[in-house]
Amino acid sequence: MTTPAPLLLALDFGGTKLTAAMTRPGRGGWLAHRRFFTPATADGPYEYNKMLALAGELIAEVGRPAAIGVSFGGPVDAAAGLVRLSHHVPGWENVPLADRLRDTFGLPVAVDNDANVAALGEYRFGAGRGCQNLLYVTVSTGIGGGWILNGQPYRGADGMAGEIGHTIVQTGGLPCVCGRRGCLEAEACGPGIANRARLYLEQNAGQGDALLRLAQGDPQNITAKMVAEAASAGDPFSRRVLVESARRLGLGLGNAINLMNPDRVVLGGGVTKSGELWWQTVREAARANVLPEISVNIVPAAFTDDAPLWGAVALAEQVAG
Ligand SMILES: [Zn+2]
């Protein structure tokens, strides 16, 4: 008789929601799953207490886990289990999250930031299985990334490795939240695609009618999803916007591929649902930018919203002993 895989608790502190789930690795699904959308007024202590309540419910329902893995949406000192801050929610400055959870539950706990954890989730359970060297990039409201090198998460000196979103792909390009211009994030994330559409509308009076109709006549309503929709329907203006954004992403990925020569690049996030033209452009632009000896293998993520949660399972597995 083989010993069953240990029961593991995965917690995900996202920007707008808290998720807790319980599974046994190899089971391929959740034994129990809870999601809570945090109100705009939430602060760190509120989120922490709410997550404790979700974890308590799962433990009462499924049983006591062997370990807890935590994904956190913000910079984390993974070795110390310390949350540095949240970009979305106040009151998370220098919180020793791993220590607190360990004291509360009397269990081993591992904590890391969401991009690193999502990379681990895809590597262990998703589209990165079988790789030794993997770059995971999420393309949604921002662009984040995480590395697996030689089968282990690579976090860098400050835990900030994989910040591909703030590598420059266009000198003097679109303004970025970090204060610079032409970052990959500003050029190719969802809001970046919408910004490019608005910019091209300004520069090309009389164009973009199909897209403007989707936006009910107001350029401020334009979203990346609308651009992808109009592009799929054949609108030349939207195709140009989508292709130019996808090209910048391919360029940024090509730079990372040249530097590290990963086995595979896994792309997740809502913008990856932009259709075949987007995927084809990203792959072609990456290939055009790498040395001929380097293989380019860019694939869609297996998980959408749940990549950090599956990564948290993998983190828990590592400390479960
Ligand atoms: Zn930036």
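The centres of domain 1 and domain 2 sit 29 Å apart, taken over C-alpha atoms. Everything shown here comes from a predicted model.

**View 1. The protein splits into two domains.** Domain 1 is made of two stretches, 8–113 and 305–320. Domain 2 covers 134–300. Where they touch, 7 residues of domain 1 are in contact with 5 residues of domain 2.

**View 2. About 430 Å² is buried between domain 1 and domain 2.** Carbon and sulfur atoms give 40% of that area. On the domain 1 side, Arg84, Asp112 and Gln318 lose the most area to domain 2. Taken together, this trio makes up 47% of what the domain 1 side buries.

**View 3. Asp112 forms a salt bridge with Arg155.** Zoom in on this pair and you'll find the closest N and O atoms 2.5 Å apart. The count of salt bridges between domain 1 and domain 2 is 1. As for polar contacts, 2 residue pairs make them between the two domains, with both residues at pLDDT 80 or more.

View 4. Sorted by class, the touching side of domain 1 has 4 nonpolar residues, 1 polar residue and 2 charged ones.

Methods: Residues are numbered from 1 along each chain as its sequence is written. This is a predicted model: local features need pLDDT of at least 70, side-chain atom pairs count only at pLDDT 80 or more; totals for chains, interfaces and linings use all residues. Side-chain values use heavy atoms; hydrogens and water are left out. Domain bounds come from an automatic or database domain assignment. Contact means heavy atoms within 4.5 Å. Buried area is the accessible area (1.4 Å probe) that two parts lose on being put together, summed over both. A salt bridge is a side-chain nitrogen of Lys or Arg within 4 Å of a carboxyl oxygen of Asp or Glu. A polar contact is a pair of N or O atoms within 3.5 Å; within protein, one must be able to donate a hydrogen and the other to accept it, and residues adjacent in sequence count only if both atoms are side-chain atoms. Ala, Val, Leu, Ile, Met, Phe, Trp, Tyr, Cys and Pro count as nonpolar, Asp, Glu, Lys and Arg as charged, and the others, Gly among them, as polar.
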